[in-house]
Amino acid sequence: MKTNIQFIHVDTSQSLETYTTEKLNKLNEKYDMLIHADVFFKKENDPKGHGKVCEIELSLTGPRVFASANEKNYEVAVKHVISDLDKQLKKRKNVLKPYL
């Protein structure tokens, strides 16, 4: 699976890239239908103290899958997004399974 990571209004972080790539590789091992991942890290002004946004869009057979999280920390945001994507992919796999 190809991975494209972009930092928008945020300094580039090699450790964050590595962490995200590891999580996406685990997802790729679980679901072989993944083709491409676009990851966006953004910083937004949030009065609640959050503002660290992670968005991931996965390309796979059929429609794309998207998830986003707004947290106090990028690692937690990645964890929440991967969890959401896992749930969506599990549903998609169960729907596709009878037709394979």
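I searched the whole structure for aromatic pairs and found two. I counted rings of Phe, Tyr and Trp (its six-membered ring) as paired if their centres lie within 6.5 Å, with planes under 30 degrees apart called stacked, over 60 edge-to-face and the rest tilted. Phe7 and Phe41 are stacked, because their ring centres lie 5.2 Å apart and their planes stand at 20°. This pair links distant parts of the chain, 34 residues apart: Phe7 belongs to strand β1 and Phe41 to strand β2 (residues 34-43).

This is a predicted model, in which local features need pLDDT of at least 70 and side-chain atom pairs count only at pLDDT 80 or more, while totals for chains, interfaces and linings use all residues. Residues are numbered from 1 along each chain as its sequence is written, and side-chain values use heavy atoms, with hydrogens and water left out. I took helices (H or I, at least four residues) and strands (E, at least two) as DSSP runs, numbered from the N terminus.

Next I looked up accessibility, where buried means under 20% relative accessible area, exposed over 50% and partly exposed in between (1.4 Å probe, protein chains only). Phe7 is buried, at a relative accessible area of 17%. Phe41 has 0% relative accessibility and so counts as buried.

Phe41 also pairs with Tyr74, edge-to-face, at 5.6 Å centre to centre and 85° between the planes. Phe41 lies in strand β2 and Tyr74 in helix α2 (residues 74-96), so this pair ties together parts 33 residues apart in sequence. Tyr74 is buried, as is Phe41. I noted Phe7, Phe41 and Tyr74 as a cluster linked by ring pairs.

I then turned to the hairpin. Strands β3 (residues 52-60) and β4 run antiparallel and are joined by seven bridges; I counted strands as paired if DSSP finds at least two bridges between them. Val53 stands opposite Asn70 in β4. Four residues lie between the strands of this hairpin, and Gly62 takes a positive phi near 95°.

I checked the faces of strand β4 (residues 65-71) as well. Side chains in a regular strand alternate between the two faces of the sheet. In β4 the covered face holds Val65, Ala67, Ala69 and Glu71. Phe66, Ser68 and Asn70 make up the uncovered face.

Last, I looked up His9, which sits in the loop between β1 (2-8) and α1 (14-30). His9 has a positive phi of about 60° although it is not a glycine. His9 is at 70% relative accessibility and therefore counts as exposed.
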